[in-house]
Amino acid sequence: KVVAEPNPPRWLATHVWHAKRAAMETIWGHKLAAQNSSLGLRALHRAASHHCCSHDRTYMQLFEFSGPEALVVDALEACGLERKLLTSKALRSGAFRAKASLHEASRGRP
């Protein structure tokens, strides 16, 4: 008897290429290449030396946070972002933009 997962992981458009050349792992709800098996190095080198090389980042997503500023800053700081960056005037005014990766909030922190 086959039991379906309630939220099966999503595969990227390039999953066939990656599945042949790397060990796939479920990360952030997506199947991603976790460990290179060295089968794609030659093809990657050839493509990079003659054409171009790209990285599929479709698993990266944008989030919009709303709520009292202090709570949003505290929550993002617990996920690994620096308070100085989050409260900078240039970033908040829109003069600058920043990219960041969120990590699981540290235990024992707000």
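The legends below describe close-up views of a predicted model.

View A. Strand β2 (residues 22-27) runs antiparallel to β3, joined by six bridges. Within this pairing, Glu25 stands opposite Leu32 of β3. The two strands form a hairpin with two residues between them, and Trp28 in the turn has a positive phi of about 55°. Strand β1 (residues 10-11) is parallel to β3 (residues 30-36), with two bridges between them. Trp11 has Lys31 of β3 as its bridge partner.

**View B. Buried residues of helix α3.** Helix α3 spans residues 69-78, and its buried residues are Val72, Val73, Leu76 and Ala78. Helix α4 (83-86) is included in what covers them. Just after α3, Gly80 has a positive phi of about 105°.

**View C. Salt bridge between Arg92 and Glu69.** The two side chains meet at 2.8 Å, N to O. This pair links distant parts of the chain, 23 residues apart: Arg92 belongs to helix α5 (residues 89-93) and Glu69 to helix α3. Arg92 is exposed, at a relative accessible area of 52%, while Glu69 is partly exposed, at 41%.

**View D. Salt bridges of Arg83.** Asp74 forms a salt bridge with Arg83, and their closest N and O atoms are 2.4 Å apart. Glu77 also forms a salt bridge with Arg83, with the closest N and O atoms 2.9 Å apart. Through shared partners, Asp74, Glu77 and Arg83 are joined into one network. Relative accessibility is 34% for Arg83, which counts as partly exposed. Asp74 is partly exposed at 28%, and Glu77 is partly exposed at 24%. The model has three salt bridges in total.

Technical notes: Residues numbered from 1 in each chain as written. Predicted model: local features only at pLDDT ≥ 70, side-chain atom pairs only at ≥ 80, totals over all residues. Heavy atoms only, no water. Buried < 20%, exposed > 50% of the residue type's maximum accessible area, 1.4 Å probe, protein only. Helix = DSSP H or I, 4+ residues; strand = E, 2+ residues; numbered from the N terminus. Contact = heavy atoms within 4.5 Å. Pairing = 2+ DSSP bridges. Salt bridge = Lys/Arg side-chain N within 4 Å of Asp/Glu carboxyl O.
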